[in-house]
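Here is a walk through one protein model, taken piece by piece. Keep the coordinates open as you read.

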Amino acid sequence: MEWLTYLLKVTACTALFFGFYLVVLRKLTFFKINRFYLLASLFLSFIIPALQFEVKREMPMLETELVDMPDLKPIQPAPVQLIQPVMVEYQPEVTSKTDWVGIMAYAYSGIALLLLLLCLWRLFVLLKHTGNYTKNSSGLKLITKTEGFTNCSFFNYVFINDADLSATDLSVLLKHEQVHARQYHSIDKIILMVFKSVLWFNPIVYLYDKALEQVHEYEADDITSADCGSEAYANLLLKLAISKSNMPLIHNFVKSPIKARIKMLFHAKSKNMKKLIYLLAIPVAVGLVWLFAVQVVYAQNIKDKSKPSKDFYEGALKGKVLNIKKETIGLYTFHLLSDGKIYPIEATTFKEKIKVGDEIIVYTSVKGFNMRKMDKNGKVIAETNRPIYNATKITTFDGSLIYEQKIEHYAFLYEANKARSASSKIKTIEKDINGKIEKIVLNDGLFTINLNLKAQNIKDDNFKVGDEVLVKFIGETLVAKNIYATDKMIVLYSEPKKYTIKNEALYNRFYFNDGKQKVAVVKNQPTEVAKPVTPKIISFSKITGDVQFKVSYLENVVIDISNCRLEARYVELDQANNKMIAKNASIKNSKQSVMVKSNLMTFDLKKGDYRIDIGDETKKGNDLEKLINSIAFIDNIDNSDVAYSARDSVKMSRDKSIVTLYGKAKLDYKNFTISAEAATYNKNTEKITAKNLILRNKLTGITAIGSYGEFDINGKVEVWQGNK
């Protein structure tokens, strides 16, 4: 239907442009400008709907927490389809339907082509009469006719019937037709014939034709009457008014309404200052461009307060439960048969409210792809693209709620060593007259934590109101709803970790110097509670949303998450399930010194679990920065010498500054060991390149495997998976 939409937009443009002409310009005596306006507006009516501009509203410093993500109205009438079928069990029945759109296209094209052929036929008939002519001193080609179209012109051909014309009248008529010829008015007539053929259904284009012909006659009348006088010229018009012609390509001397032409002869000339009125056409054109050619892309902060519809719609799964399996405590999986396709679905406990055979509607989001099977050596031996769906809501066919996934919020989390941990913002800082901190109040928008620090004798000017912080403490007391207080703060970090306030006695009790927890000293160690992660959106170029499933889609986005900086071409943020998927992404650690690139990164924001796909490998972990460093990392390296060896051969440049190693190459410098298929060490630049390598940090024991790596022994370390 794009062609029909385009033609309707063209019709709308012609209506607005011609309406402006009728209301504002028609009575002005600037005939040349009116002629230009009519032709230009016709061409613009075809050009403007064909233009496509996209205005992007970027918010470069917008910082949005996950819990505050706006509910977005969908840009399409129906929610975005997230479901991919696992398998097709039947072939849908093919029924023949009448293609009304195709019929309309053929009908329109056929009529337009027929009218164009008719125009060519009329042109051919006209040219048949141009064989015998006499040329006068003004360059006009005179053709005498007594029947059919007479006293008219086509370019410099003038068809006259001089039987009833005096020499004076003939001179005036030829002067009039000479104006048509010199101003090339016949070209306008041909252009209008084409427009009328293409827009044959548009009544406005026929009004354009009449208006343009009228402007032509006004212009020729104005110039001709200046020589012979308005009264004499008007009398000649009345004398010849009885003759008519149906040939649309010619300029007939008396074809246009005589009354309007005579009235215009005696009309007062418009003042030159009125030419400024034509500038008003610019806002009309700009408005049409904005209306038909500009698409504004922006984030909408509009909440959908309407009740969920009981009707099934595209985007949810409606079907029958085939089986139910309890995987772990609180986790169920079941298979749903919907439209002949089977979907594996996961959900937390729904208290056995559904049974095999129940007919339900399941609102889902994709949980994962690329299921892999590996052998005992870790090699992938089978791989499928079978998705698993996470149920966010389950209802009966009539809309009764069976299950809905809920997002829980906590004031703080317990670490393995029983210390409490919370990410929040500084609301107030209270100091005594000596500048020592007595109290810091934290508030994350839901929970408040009062840190009483008077006894710790702390003086610090680095922390400010509004700073993002990470606090660890014990001994909290619930003093009011969602308000806790403690005088046993262990440590307070700025986020990112630039500044620190530390209670040395408590810190040494719960943590080692490197920040690791002293779990061994804790009796009856509890299972570590998952730590939710809150992504902060720094910037994006485009955001759209799915209101029903609370999913946001962002393009060219920058996000801070777990002290790391994520940059991705595409991010899917699932608020209902606390999941985030980034595609074509790169992520850097807190020092901005290590970058890892991946086609797919998955973030479980509720559990704090991360997955990064690198080539055929998938790296998992619950410490994002450590996970990044395990793939490609940097450490402080001094300028010590590099020890190297190779199984096959070692080649050196003449000055022995460049060493090339082949076959089980091994390089060792300070804290790092590189094992590679081949490697090159440049002593002048102190850089190493390696192919098919294994990089090991001797201090941490972390190992990275890559197909290619570049190392500056005084700086950055980069390892790639796949082609560089």
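Strands β29 and β30 pair in the antiparallel sense, over nine bridges. β29 covers residues 579–588, and β30 covers residues 595–604. The model is predicted.

Strand β31, residues 609–614, pairs with β30 in the antiparallel sense over five bridges. Here Phe603 stands opposite Tyr610 in β31. β30 and β31 form a hairpin, with four residues between them. Gly608 sits in that turn and has a positive phi of about 75°.

How many of the 10 residues of β30 are buried? Seven are, and the strand is mostly covered. In a regular strand, side chains alternate between the two faces of the sheet.

Now move to another strand. Ser424 lies in β17, which spans residues 420–431. Is Ser424 buried or exposed? Its relative accessible area is 6%. The cut-off for buried is under 20%, so Ser424 counts as buried. Its side chain reaches the backbone nitrogen of Asp444 at 3.1 Å. Asp444 is also among the residues that Ser424 touches, leaving aside those up to four places away in sequence.

With a relative accessible area of 28%, Asp358 is partly exposed. The side chain of Asp358 reaches the backbone nitrogen of Lys355 at 2.7 Å. Beyond four places in sequence, Asp358 touches Gly319, Lys320, Val321 and Lys353. Leu322 is 36 residues away from Asp358 along the chain, yet their C-alpha atoms are separated by 8.5 Å.

Last, the helices. Two packed helices are described by the angle between their axes and the distance between the axes. Helix α2 holds residues 31–47, and helix α6 holds residues 203–228. Their axes come within 9 Å and cross at roughly 160°. Angles over 145 degrees count as roughly antiparallel, so α2 is roughly antiparallel to α6. The crossing is left-handed. On the α2 side, the contact is made by Phe31, Lys32, Asn34, Arg35, Leu38, Leu39, Ser41 and Leu42. On the α6 side, the contact residues are Tyr208, Ala211, Leu212, Val215, His216, Tyr218, Glu219 and Asp222.

How values were computed:
Residues are numbered from 1 along each chain as its sequence is written. This is a predicted model: local features need pLDDT of at least 70, side-chain atom pairs count only at pLDDT 80 or more; totals for chains, interfaces and linings use all residues. Side-chain values use heavy atoms; hydrogens and water are left out. Buried means under 20% relative accessible area, exposed over 50%, partly exposed in between (1.4 Å probe, protein chains only). Helices (H or I, at least four residues) and strands (E, at least two) are DSSP runs, numbered from the N terminus. Two strands pair if DSSP finds at least two bridges between them. A polar contact is a pair of N or O atoms within 3.5 Å; within protein, one must be able to donate a hydrogen and the other to accept it, and residues adjacent in sequence count only if both atoms are side-chain atoms. Contact means heavy atoms within 4.5 Å. Axes are lines fitted to C-alpha atoms, for helices over the stretch in contact, and angles run from 0 to 180 degrees between N-to-C directions. Angles under 35 degrees count as roughly parallel, over 145 as roughly antiparallel, 65 to 115 as roughly perpendicular and the rest as oblique. A crossing is left-handed if the near helix is turned anticlockwise from the far one by less than a right angle, and right-handed if clockwise.
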